[in-house]
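Please read it alongside the sequence and the model.

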Amino acid sequence: MTALLEVEDLTVRFHTDEGVVTAVDDLSYRVEAAETFGVVGESGAGKSVAARSVLGLIDRPGRIERGEVRFKGEDLLSMDESALRSVRGDEIGMVFQDARAALNPVYAVGEQIAETIEHHMGYDPAAAKTRAIRLLDRVGIADPEARYSEYPHEFSGGMCQRATIAMALSCEPDLIVADEPTTALDVTVEARILELLDELADEFDVAVQLITHDLGVIAGTCDRAMVMYAGEAVETAPIEDLYYDPKHPYTAGLMSAIPRIGDGRDRLRTIPGTTPDPVDPPSGCRFHPRCPFAEEACTRTHPSLVDPETGEAATLDDDRAAACLEYTEGLSGGLDYSVEVEEPRDERAGGDPADE
Ligand code: SF4
């Protein structure tokens, strides 16, 4: 059956003075209706560029050089800007990291939501205002009728993010793309916003593509996830498999860097080194300069995404895939790690949004 969103072989390059940056390389994934799909990786992994490309929001010098993006079976990359804008407003909602910047500073927050409703759903002004107030209430903004007329600078960071979530939901989309929605917020507010997104995804029956650098965030929120490194997918899995049985050394490294309740380590373990130069990525496996299991073969052979059980090339339908030579018998020493897991982070703080 066709998934809600299907991305196949997406390649995005930026032609800069320093050289050609392949920000997203041959990326394929799917998002099913009503699921929460996480995309995780360090800065520079290509997560946000991939999401923006899907939404047609890549500006020059960026260029989608290859691939297909199908939403409900329709090819988004061949749509003209006006058709795409209508899909973005009506069927795909967006929540960005900097919520305050996403709101227009010279219009009242509620009016911005109402205007979206009028424009995309054809409501008259009074009905749009009523719906906007209801949405502000639903996302936890206290005294929504009064807050409707306030400006973004009168909202706290957490309240701005709640307002952009209300705006994203305002046209009853099938998919929300949330790009690092909590990165700018402190950890208590982050927990409340994630809890809200989770609740609303269930209530509105909407799929969420949640982009984050924090594997701990997706562990408590997502159904499935994809791990990206240097522009590529290196692992995809249902969230429990990813968390309890990561198949890629990079995922295992991210896992060991998650703070855990009761963790007695003085210092969190980190992955040594930094993400590679995107203009001149390492040969073979791009993770090899940082991988504790790298062998000579890893410097020469680029591992494809395969089913880790069979070593066969992964397809869009596969839930489990990893890109490491271990699964194509290209590694002689094998992978030797174990992951100790306590509880996924689900102890979320309650509290008053006014404190945000
Ligand atoms: S292919 Fe080699 S370098 Fe890459 S993740 Fe596997 S063991 Fe590490």
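Ala-163 is in contact (C-beta atoms, placed from the backbone, within 7 Å) with Leu-103, Val-109, Leu-136, Ile-141 and Phe-155, leaving aside neighbours within four places in sequence. This is a predicted model, in which local features need pLDDT of at least 70 and side-chain atom pairs count only at pLDDT 80 or more, while totals for chains, interfaces and linings use all residues. Residues are numbered from 1 along each chain as its sequence is written.

**Nonpolar core**
- Ala-163 and Ala-225 have the most contacts inside the largest nonpolar core, which has 100 residues.
- A nonpolar core here is a set of buried Ala, Val, Leu, Ile, Met, Phe, Trp, Tyr and Cys residues joined through C-beta atoms within 7 Å.
- A residue is buried if 20 or more other C-beta atoms lie within 10 Å of its own, exposed if 12 or fewer, and partly exposed in between, with C-beta atoms placed from the backbone.
- In soluble globular proteins, nonpolar side chains tend to be buried together.

**Seven-stranded sheet**
- Helices (H or I, at least four residues) and strands (E, at least two) are DSSP runs numbered from the N terminus, and two strands pair if DSSP finds at least two bridges between them.
- An open sheet of 7 strands with mixed pairing runs in the order E6-E7-E8-E3-E9-E10-E11.
- Strand E6 (92–95) and strand E11 (321–322) are at the edges with a single partner strand each, so one side of each has no neighbour in the sheet.
- Strand E3 (residues 36–40) is largely enclosed by the rest of the structure, because 5 of its 5 residues are buried.
- Thr-36, Gly-38 and Val-40 point one way from E3, Phe-37 and Val-39 point the other way, and all are buried.
- In a regular strand the side chains alternate between the two faces of the sheet.
- E3 runs parallel to strand E8 (residues 207–212), with 5 bridges joining them; Thr-36 stands opposite Val-208 in E8.
- E3 also pairs with E9 in the parallel sense, over 4 bridges, and the bridge partner of Gly-38 in E9 is Ala-225.
- The pairing of E10 with E11 is antiparallel over 2 bridges, with Glu-235 opposite Ala-322 in E11.

**Four-stranded sheet**
- A second topic is the open sheet of 4 strands, with the order E2-E1-E4-E5 and antiparallel pairing.
- Its edge strands, each pairing on one side only, are strand E2 (19–31) and strand E5 (74–75).
- Strand E1 (residues 5–16) and E4 run antiparallel and are joined by 8 bridges; Glu-8 has Glu-68 in E4 as its bridge partner.
- Strand E4 (residues 62–71) pairs with E5 in the antiparallel sense over 2 bridges, and Phe-71 stands opposite Glu-74 in E5.
- E4 and E5 form a hairpin with 2 residues between them, and Lys-72 in the turn has a positive phi of about 50°.
- Gly-62 lies in strand E4 and counts as partly exposed because it has 19 C-beta neighbours inside 10 Å.
- Not counting residues up to four places away in sequence, Gly-62 touches Val-12 and Phe-14.
- Gly-62 and Val-234 are 172 residues apart along the chain, and their C-alpha atoms are separated by 23 Å.

**Helix H11**
- Helix H11 (residues 249–256) is mostly covered, with 6 of its 8 residues buried.
- Those buried residues are Pro-249, Tyr-250, Thr-251, Gly-253, Leu-254 and Met-255.
- The cover over the buried residues of H11 includes helix H9 (215–219), strand E9 (224–229), strand E10 (232–238) and helix H10 (239–244).

**Ligand shell**
- The ligand is surrounded by 13 residues (C-beta atom, placed from the backbone, within 6 Å), the closest being Cys-285, His-288, Cys-291, Cys-298 and Cys-324.
- The shell divides into 11 nonpolar, 1 polar and 1 charged residues; Ala, Val, Leu, Ile, Met, Phe, Trp, Tyr, Cys and Pro count as nonpolar, Asp, Glu, Lys and Arg as charged, and the others, Gly among them, as polar.

**Record annotation**
- UniProt, in an unreviewed entry, lists residues 5–255 as "domain: ABC transporter"; positions are given in the numbering used here, feature names are shortened, and annotations may be inferred rather than shown by experiment.
- The span of residues 5–255 is 41% helix and 28% strand, and its end C-alpha atoms lie 27 Å apart.

Technical notes:
Two residues are in contact if their C-beta atoms, placed from the backbone, lie within 7 Å.
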